[in-house]
Amino acid sequence: MTSDAVTSDAVTSDAVTLLDATLAAITPPAAAARAEAADRLDRMTKPAGSLGRIEDLAVTLSGIAGACPPPLPDPAVVVVCAGDHGVHAQGVTPWPQEVTAQMVANFAAGGAVVNAFARAADVQVRVLDVGVAAPLPALDGVLARRVADGTADLAVGPALTRGQVVAAIEAGIAAVPEHGCVLTGDMGIANTTAAALLICAFTGADPEQATGRGTGIDDATLARKTAVVRDALALHHPDPADPIGVLAAFGGLEHAAIAGLVLGAAARRIPVLLDGVSTGAAALVAAALAPQAVAYCVAGHRSAEPGHRLALGHLGLDPLLDLGLRLGEGTGAVLALPLLRAAVRALHDVATFGDASVTDAAREQV
């Protein structure tokens, strides 16, 4: 689908109202539902705590829904937010920028890795074009919400205007379904450079720690990429207390949209399953805008990108999987979804000791 790019700094009153209303709607998860889930888990026909982190996940999902047992995290949709980056001009990746648009077409045709994983996990794939640089034809499954034809080069000036940032966040909020589960995905050549900058801005990490190889760059390109990150931090002096300003400095449009997905999901009280380093960086933005939003996030996996570990540590999120993935697209989130379904199914289906007339050894000893 095609749409006109938003090139001015003007923000419509509707967009501001949606963002403000979304932030105002985010409240803490339900403590009573969490306590009810914990109690039920202890009474289920198994040794207490024997399901390990699946029990923590069941409690988290109950608190998010405000009910025990919570609904299954379905329908599940992975929203692949797509955008291009002006910093590509600095030689931070050998991949040509046109690959972003080509991959959007590949997603629409069902030929990407995330499509294969999604078919295996019964997940819908939806692409949100908020900033692909090249024109796109009308494509099934692609939402045309383009704010700009890519970002400006963050190495020489701001990547975005504040108005463009808000418009992209709003696009992400609007893409959140009313119920089910949202999985975050990303596509954008050079977007791990922007992700490293966001991680540095919000965690205080050194560029050497936060900058990774992305698509598998060589040592010389990694050194150049790290220098770009270091120089951009010195140029823009990001203030983590101003998350809109941080996104304006560094982009990307897809990071802003993913932050909107997190905020929108939290406002609707549905779980958001995070993917890799770009979605972790975007979650830092969402957390800076609404700290309670983090309680609605589940980290699907830990990326091989070093900055992802820093982002998850800052957010206080422990990933469900650690498979050495660094693809993006939402692939790690899709692989983790069956664990959420299993946690909910346990609360729905497993009998308690009382229901099954099974002796609870731990309670017998009390």
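Reply: In this predicted model, T22 belongs to helix 1, which covers residues 13-25. T22 has a relative accessible area of 6%; because this is under the 20% cut-off, the residue counts as buried. Beyond its neighbours within four places in sequence, T22 is in contact with I173, L263, G264 and A267.

The residue annotated in the record is E329, which UniProt lists under "active site" in an unreviewed entry. E329 is found in the loop between helix 13 and helix 14, the latter being residues 331-349. Its relative accessible area is 4%, so E329 is classed as buried. When residues up to four places away in sequence are not counted, E329 touches V78, V80, M103, F107, A112, V113, V114, G185, D186 and D275. For V114 there is a further detail: the side chain of E329 reaches the backbone nitrogen of V114 at 3.1 Å.

The largest pocket may be described next. Its space amounts to about 520 Å³. A total of 31 residues line this pocket, and those nearest its centre are G214, T215, R326, L327 and G328. Two or more lining residues come from each of helix 4 (99-109), strand 4, helix 7 and helix 12. Helix 7 gives the most to the lining, with 3 residues.

Of the 13 residues, 11 are buried, so helix 12 is largely enclosed by the rest of the structure. The buried residues are V277, S278, T279, G280, A281, A282, A283, L284, V285, A286 and A287. The elements against which these buried residues pack include two strands, namely strand 4 (181-187) and strand 5 (272-274). They also pack against helix 7 (191-203), helix 10 (243-250), helix 11 (253-268) and helix 13 (306-315).

To draw the account together, E329 is a buried residue that lies in the loop between helix 13 and helix 14, and its side chain reaches the backbone nitrogen of V114.

How values were computed
Residues are numbered from 1 along each chain as its sequence is written. This is a predicted model: local features need pLDDT of at least 70, side-chain atom pairs count only at pLDDT 80 or more; totals for chains, interfaces and linings use all residues. Side-chain values use heavy atoms; hydrogens and water are left out. Helices (H or I, at least four residues) and strands (E, at least two) are DSSP runs, numbered from the N terminus. Buried means under 20% relative accessible area, exposed over 50%, partly exposed in between (1.4 Å probe, protein chains only). Contact means heavy atoms within 4.5 Å. UniProt positions are given in the numbering used here, feature names are shortened, and annotations may be inferred rather than shown by experiment. A polar contact is a pair of N or O atoms within 3.5 Å; within protein, one must be able to donate a hydrogen and the other to accept it, and residues adjacent in sequence count only if both atoms are side-chain atoms. On a 1 Å grid over the protein atoms alone, a cavity is a set of points where a 1.4 Å probe fits but cannot get out, and a pocket is an open set with protein on both sides within 12 Å along at least five of seven lines; lining residues have an atom within 4 Å of a point. Grid points are joined across faces, edges and corners, and a volume is the space filled by probe spheres set on the points.
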